[in-house]
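Keep the viewer open and follow along.

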Amino acid sequence: MATHRPLETVEDARRRAERRLPAQVYRALWAGSQAGVTLAENVRAFSRIHVVTRVGDAPAEPRTATTVMGMDLSLPVLIAPVGAQGIQPEAEVAVARAAAAAGTATSLSSFASQPIEAVAAANDKTLFQLFWIGSRQDILGRLDRARRAGAAGLIVTLDWSFPDGRDWGSPYIPATPGWKPLAPYVPQALLHPSWLFGFLRQGKLPNLGVPNLTTESRPQVLFFEAYGDWMQTPPVTWEDLAWLRGQWDGPLMIKGILHPEDARRAVDVGAEAVVVSNHGGNDMDGVIPSIAALPAVVDAVDAEIEVLLDSGIRRGSDVVKAVAMGARAVMIGRAHVWALAAGGETGVAQILEVFRRGIAQSLTAIGVSGVDALGPQHVIVPEHFYDAQDPAAAGTRTPAHRRQLRFG
Ligand SMILES: Cc1cc2nc3c(=O)[nH]c(=O)nc-3n(C[C@H](O)[C@H](O)[C@H](O)COP(=O)(O)O)c2cc1C
């Protein structure tokens with residue numbers, strides 16, 4: 001599936017996804033939790049940070065390449081793990097191929113619609129994302145499968161607290177596959193024939209299975225079955241993570257960190273990286289924007305491990321702001337699924353190119369030779385940026401905050 005005119009921006013991808021997808025499906029990919037405050041603030045926070053530009057020293061070809069957990073990446077943008085991509089026939093495999101062609105890593109959600117074997121075969125920099133579902137024995141089975149499939153690393157996502165009560169209504173995901181449960185939604189689908197045709201051409205229906213959560217005794221597991229199992233599983237602890245570290249000798253990334261003390265605990269359990277993330281505003285609503293949490297986390301880990309960031313990244317200049325404020329790289333969630341919905345593999349390739357161009361243009365404007373040359377001197381963070389937003393704000397300010405505020 002190709003888009004006729006290449007995607008120009010993430011907003012362009014969002015608009016095309018909105019036109020192409022049935023309303024229920026689009027809303028599932030867009031909506032944040034509860035009132036959507038954090039979803040909006042993630043994006044707004046980036047717009048409040050200014051960039052310091054210089055003239056006359058622009059590099060001829062600014063370097064966008066970096067490394068993350070030992071992987072060489074052509075740009076500091078990775079694909080974030082996003083579940084339920086069965087809204088598009090090739091889903092995570094198409095995303096993995098586009099990321100591989102762009103020279104970057106992809107992540108595969110526990111709730112992905114495609115098996116790890118197919119995705120890792122499409123991109124040798126595939127990170128398997130684990131939610132803590134089931135027993136330690138179940139987890140061991142998933143680790144073993146990821147290892148055998150050739151996963152380049154593991155992401156453990158910690159920030160999920162089963163939020164409900166979305167003001168715009170929760171997305172409908174049928175509990176069983178087949179035409180019958182989907183029948184009430186056929187009129188919506190008929191209004192979006194190109195989306196429907198994408199499936200019918202391949203003789204498929206939107207995929208409700210979660211093939212990476214199967215076991216020998218349960219060869220088929222559906223989305224809601226797995227979600228039910230998850231709700232029955234006690235919340236993951238740092239002790240579980242220390243155990244996990246002993247079972248997985250590849251790179252380990254811990255995702256969903258906002259508090260600097262949690263970042264320290266990730267260092268203590270032996271993770272290689274953390275992702276400062278609020279799940280794109282999909283978990284607890286009203287938490288701080290990730291970018292406001294970043295400097296304190298960077299300060300806390302003190303370069304012992306890598307710090308990545310996601311939530312609210314919509315353009316290359318956002319990536320540059322995050323890197324200048326201490327992130328090694330960023331992950332994109334909605335940006336890549338909107339592009340997938342708008343244009344399949346081609347759409348994802350185009351959106352990664354949009355990011356690459358945006359990063360290079362920002363580096364040129366700032367007058368630095370590469371992403372590795374960015375630092376806090378290249379951004380102006382407004383006074384009070386952290387005041388109402390700092391999770392450790394109870395009277396304390398870290399040196400990172402003071403360093404940032406000097407530029408305000
Ligand atoms: C529809 C949707 C599904 C998601 N599913 C997962 C998931 O299965 N595992 C996970 O770790 N994060 C998941 N996330 C969070 C993303 O990995 C990422 O943190 C978030 O999308 C970043 O924010 P952004 O969408 O503003 O880029 C999901 C996000 C969305 C929007």
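This is a predicted model: local features need pLDDT of at least 70, side-chain atom pairs count only at pLDDT 80 or more; totals for chains, interfaces and linings use all residues.

Let's start with the strands. Eight of them make up an open sheet, paired in parallel, and reading across gives the order β4-β11-β10-β9-β8-β7-β6-β5. At the two edges sit β4 (77-79) and β5 (106-108), each with pairing on one side only. From one strand to the next, the twist averages 30°.

A helix packs on this sheet too: α13, residues 290-301. Helix α13 touches β8 (252-257), β9 (273-276) and β10 (306-310), and its direction makes about 175° with that of β10.

## Strand by strand

Strand β5 is joined by three bridges to β6 (residues 126-130), the two running parallel. Look for Leu108 here, which has Phe128 of β6 standing opposite. Further along, β7 (residues 153-157) connects to β8 through four bridges, again in parallel, and Thr157 faces Lys255 in β8 as its opposite number. Then β8 pairs with β9 in the parallel sense, over four bridges; in that pair, Ile257 is set opposite Val276 of β9.

How enclosed is β8 by the rest of the structure? Largely so, because six of its six residues are buried. Strand β9 is covered on both faces: Ala273 and Val275 are buried on one side, and Val274 and Val276 are buried on the other.

## The nonpolar core

The largest nonpolar core takes in 122 residues. Within this core, the residues with the most contacts are Leu154, Met253, Val274, Val297 and Val330. Which helix gives the most to this core? That would be α15 (residues 334-366), with 17 residues. As a rule, nonpolar side chains in soluble globular proteins tend to be buried together.

Leaving aside residues up to four places away in sequence, Leu154 touches Leu127, Phe128, Leu130, Ala146, Trp248, Gly250, Leu252 and Met253. Phe128 is the residue that stands opposite Leu108, and Met253 is itself on the list of residues with the most contacts in the core.

## Around the ligand

There are 23 residues around the ligand, and those that come nearest are Gly83, Ser109, Thr157, Gly280 and Gly333. Sorted by class, the shell holds twelve polar, eight nonpolar and three charged residues.

Which residues have a positive phi without being a glycine? Met69, at about 45°, is one of them, and His279, at about 65°, is another. You'll find Met69 in the loop between β2 (66-68) and β3 (71-73), while His279 is in the loop between β9 and α13.

Are these two spots buried or exposed? Met69 has 22 C-beta neighbours inside 10 Å, so it counts as buried. His279 also counts as buried, because it has 26 C-beta neighbours inside 10 Å.

Last stop: Pro382, in the loop between β12 (379-380) and α16 (399-405). With 13 other C-beta atoms within 10 Å, Pro382 is partly exposed. Pro382 and His50 are 332 residues apart in sequence, yet their C-alpha atoms are 8.2 Å apart in space.

Technical notes
Residues are numbered from 1 along each chain as its sequence is written. Two strands pair if DSSP finds at least two bridges between them. Axes are lines fitted to C-alpha atoms, for helices over the stretch in contact, and angles run from 0 to 180 degrees between N-to-C directions. Two residues are in contact if their C-beta atoms, placed from the backbone, lie within 7 Å. A residue is buried if 20 or more other C-beta atoms lie within 10 Å of its own, exposed if 12 or fewer, and partly exposed in between; C-beta atoms are placed from the backbone. A residue is near a molecule or strand if its C-beta atom, placed from the backbone, lies within 6 Å of it. Ala, Val, Leu, Ile, Met, Phe, Trp, Tyr, Cys and Pro count as nonpolar, Asp, Glu, Lys and Arg as charged, and the others, Gly among them, as polar. A nonpolar core is a set of buried Ala, Val, Leu, Ile, Met, Phe, Trp, Tyr and Cys residues joined through C-beta atoms within 7 Å.
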